[in-house]
Amino acid sequence: MAGQSSYIRLAGDDEAAMVSGSEDYDSKKLRLLGYKPQLKRNLSLLSNFSVTFSIVSVLTGITTLYGTGLEFGGPVTMVYGWPIAGTFTVIVGLAMAEICSAYPTSGGLYFWSAKLCSERRWGPFASWLTGWFNIVGQWAVTTSVDYSLAQLIQVIILLSTGGANGGGYLASKYVVIAIHAAILLSHAIINSLPISLLSFFGQFAAAWNMLGVFVLMIVVPTVATERASAEFVFTHFNTDNSAGIHSNLYIFVLGLLMSQYTLLGYDASAHMTEETKNADTNGPIGIISAIGISIVVGWGYILGITFAVKDIPSLLSPNNEAGGYAIAQVFYEAFKSRYGSGVGGIVCLGIVAVAIYFCGMSSVTSNSRMAYAFSRDGAMPLSSVWQKVNKHEVPINAVWLSTFISLCMALPSLGSLVAFQAMVSIATIGLYIAYALPIFFRVTLARKYFVPGPFNLGRYGVVVGWVAVLWVATITVLFSLPVTYPVTKDTLNYTPVAVGGLFILVLGSWIFSARHWFKGPVTNLGG
């Protein structure tokens, strides 16, 4: 088998000798990678895909950033920017899937980096850098997703009590953070359940996301008494924005944020491989299928909702009934225009809210597996605590750690939304940097000795890898550009500050401490 040699070369003779002939195929492979099985391997391809599809969750990303897309370019940016970002995301996903097939472990990206740099002695540093960007990026994703759900609940309450112009109740920032905390608490409880139950929730979440998209993309434009023309949806480019930006190219680039933020989190399939059957095949397929299906249904969602758009300035106005929450105003207006009541629109927002809830739930699942694996290799403070699994073979301490940190990362919103936005910017750029690092090592340092697994790109692997790396480099620069002019301390894009600060912290901790004791992934077969 193509993948077998790549496993054997990672385990020493003593460790390899410990592989039992009675073990199943996945357990043998995991031992040859240097780890003994500790997590319950109960996930099918469908279950693995469901977790990742729920994290990507087009209902989450598109709904929460639809206003950004409308303001920066409008229909043209969203309708054409989505497939552009989607194409390059597929390329990144293919490059990751090939490496995942060779090294199917919960550690995912940081384990890949370590092994791809092992023959140049850069393994420990590469692993340290990738691992911390990956785990902090994942925590930022959970923070962003659950906080966006708390904000949506704030809007739902506002509309349900009369709207912004009808004396509706607008929850304070303290109430929003309390809702955020309650959501995280429930996610921690659910993720403490056995993986078989979590698998059920994951599949239900995937079905909800899929059906929710189709319901909304059909119902909302159908109910609306006034619909946009095909010419508007496919050709209108909105240059009227409050950011003081007039360059069409610049506007289009900023509008891409909606698409690229949504198409994120698909490394979850890799982090779930130690709980997935036929991991070296199903893990990679989980990555690619989650991206591909998300692109198709997401584009349909964008088209359907945009056909219900009538007046962009009114949707973005903070004086509308939804307080400027664009897509909520679209839903509310569509039903109110036909039935005289926006209750149906509020119900539609409820469908989205459930999808976002499941997105956050699955994000915690992925976070906790990454924290478990990183601790298993001694990279985190108090690693012995976070790597423990309970009687259900769930890394329960890592679950609660992930939710607690995600709560802490939302606290800056109480003082400054600018500081909070800088924090969560790590979710997009930081995580994509973590995606790109092992791919870069695969096409450079490991180009000649990388041994692929069953899922591989053949002779196209290096080309695909380089395109993926260049795309990540491009969006890193683009999303670090100013988003408002003139630039002041309140309008500065703090993304490069946040990501640069994370890099300095990770590099500094390596130079002054970790380089003396962190050796990269270590075997636990002797334990």
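1. Let's start with a helix pair: H10 (residues 195-223) and H14 (residues 279-306) pack at an angle of about 20°, and their axes lie 8 Å apart. This is a predicted model, where local features need pLDDT of at least 70, side-chain atom pairs count only at pLDDT 80 or more, and totals for chains, interfaces and linings use all residues. Residues are numbered from 1 along each chain as its sequence is written, and side-chain values use heavy atoms, leaving out hydrogens and water.

2. Because angles under 35 degrees count as roughly parallel, H10 and H14 are roughly parallel to each other. Who makes the contact (heavy atoms within 4.5 Å)? On the H10 side you'll find Met-210, Val-213, Phe-214, Leu-216, Met-217, Val-220 and Pro-221, and H14 brings Ile-293, Val-297, Gly-300, Tyr-301, Gly-304 and Ile-305. Sorted by type, the residues of this H10 and H14 contact are 11 nonpolar, two polar and no charged; Gly goes with the polar group here.

3. Next, have a look at H19 (residues 396-410). Its 15 residues reach 22 Å from first C-alpha to last, close to the 21 Å expected at 1.5 Å a residue. That expected span is 1.5 Å times one less than the number of residues. Buried residues (under 20% relative accessible area, with a 1.4 Å probe and protein chains only) in H19 include Ala-398, Leu-401, Ile-405 and Met-409.

4. Last, find Ser-362 in helix H17 (residues 343-376). Ser-362 counts as buried because its relative accessibility is 1%. Leaving aside residues up to four places away in sequence, Ser-362 touches Val-51, Ser-54 and Ile-55.

Key:
Axes are lines fitted to C-alpha atoms, for helices over the stretch in contact, and angles run from 0 to 180 degrees between N-to-C directions. Helices (H or I, at least four residues) and strands (E, at least two) are DSSP runs, numbered from the N terminus. Angles under 35 degrees count as roughly parallel, over 145 as roughly antiparallel, 65 to 115 as roughly perpendicular and the rest as oblique. Contact means heavy atoms within 4.5 Å. Buried means under 20% relative accessible area, exposed over 50%, partly exposed in between (1.4 Å probe, protein chains only).
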